[in-house]
Amino acid sequence: MNNNYLIYGLDEYLINKEIDKIIKKNNIDKNSIIKYSLNEDSIDNILEDANTFNLFSDTKLIIVNDSNIFTSSNEVDTDKIISYLNNYNDKSYLIFTLLGDKIDNRKKITKIMSDKGNIINLNKKEVDTNYIISYLKENGYQINISEARMILNKIGNNLSSINNELDKLMLYKLEDKIIDKNSINLLINENIDSSLFALVDSITNKDKNKMLRLYHECLLESDPIMIINMLANKYILLYQVKRLISDGYSDDRIAKELEVHPYPVKLARNMCYSYSVKEILDIILKLANLDKDIKLGNVNGEVGLEFLLLSI
């Protein structure tokens, strides 16, 4: 094990948590952390910084985001990075991060990182009631499984949203450290946006039971036409994000380009790897046709939408 890492996964929150562990484990000063992006910064500048000793402390940590050099879609020359990994500065910690579900293990740079460094795959993390109970227990809090399930039902299974809400609950229940139904109802509102992304996620995973549950929960908040429009917007966003990712755009740059908040962009990035462009466009077309049929009175809205979701 050495100072060089590749951390990849579909959830940015988990990646940042893993980086925090490395920072804490190696007592790295917050002022000695430098961030780069391979979409915007040159490899030469990054490696020059990695080879330069820190003037203010013994060690420094360099985070290199958007590290698509470890995927099959990127053909950038990596010889300089490989040379550095074979003879690295032991006073620098170099962490490459990648928001994605897979890397190309056939590439030379991936093999070198596996042999000379550390590759951490965060895609196996699942958000369920056990995760919520464990997260709270690690921080000295208690929660019953029924309340943990209640949180999942309200928020969906997006990890960033779950952790944000759990942190909020812990702050509120700082004295007795027991998360109960009253505190959940008081602090956590039903998140229709997260529920819709969770619905899209359940469609992707072909989880029929979960999809039907989420669909009927969404019906409590909205009518079928509104859900169709919102789902169409989610899939349009998936399409836009997928295309911009292929052009090497970062989340912040995508959000700026599309003039949307960065949070839904991050949710969309986590999901769009599971779809082809054709699949996304087919779903958007089906939603548009159903919207027309409902408005013309050709089909019952709730039944028609449920049938469409099952067909997907």
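Is Leu 166 buried or exposed? In this predicted model, where local features need pLDDT of at least 70, side-chain atom pairs count only at pLDDT 80 or more, and totals for chains, interfaces and linings use all residues, Leu 166 turns out to be buried, with a relative accessible area of 0%. Numbering runs from 1 along each chain as its sequence is written, and side-chain values use heavy atoms, with hydrogens and water left out. Buried stands for under 20% relative accessible area, exposed for over 50%, and partly exposed for anything in between (1.4 Å probe, protein chains only).

Leu 166 sits in helix α7, which covers residues 159–172. Leaving out neighbours within four places in sequence, Leu 166 touches Ile 132, Tyr 135, Leu 136 and Ile 151; a contact here is a pair of heavy atoms within 4.5 Å. Tyr 5, by comparison, is 161 residues away along the chain, and its C-alpha atom is 29 Å from that of Leu 166.

Zooming out, the protein has 15 helices and five strands, taken as DSSP runs (H or I, at least four residues, for helices; E, at least two, for strands) and numbered from the N terminus. Its C-alpha trace spans about 70 × 50 × 30 Å along the principal axes. Of the 312 residues, 49% count as buried. Among contacts with a separation of 6 or more, 74% come from residues 24 or more positions apart.

In α2 (residues 43–51), the buried set is Ile 43, Ile 46, Leu 47, Asp 49 and Ala 50. Seen down the helix axis, these residues fall within an arc of 155°, so they line one face of α2; the arc is that of the directions from the helix axis to the C-beta atoms. What do the buried residues of α2 pack against? Their partners are β2 (33–37), β3 (60–65), α3 (79–86) and β4 (92–99).

Helix α15 (residues 301–311) buries Gly 301, Gly 304, Leu 305, Leu 308 and Leu 309. Down the axis of α15 the buried residues keep within an arc of 130°, so they too line one face of the helix. Val 303 and Phe 307, on the other side of α15, are exposed. At the start of α15, a side-chain oxygen of Asn 300 comes to within 3.1 Å of the backbone nitrogen of Glu 302.

Notes:
A polar contact is a pair of N or O atoms within 3.5 Å; within protein, one must be able to donate a hydrogen and the other to accept it, and residues adjacent in sequence count only if both atoms are side-chain atoms.
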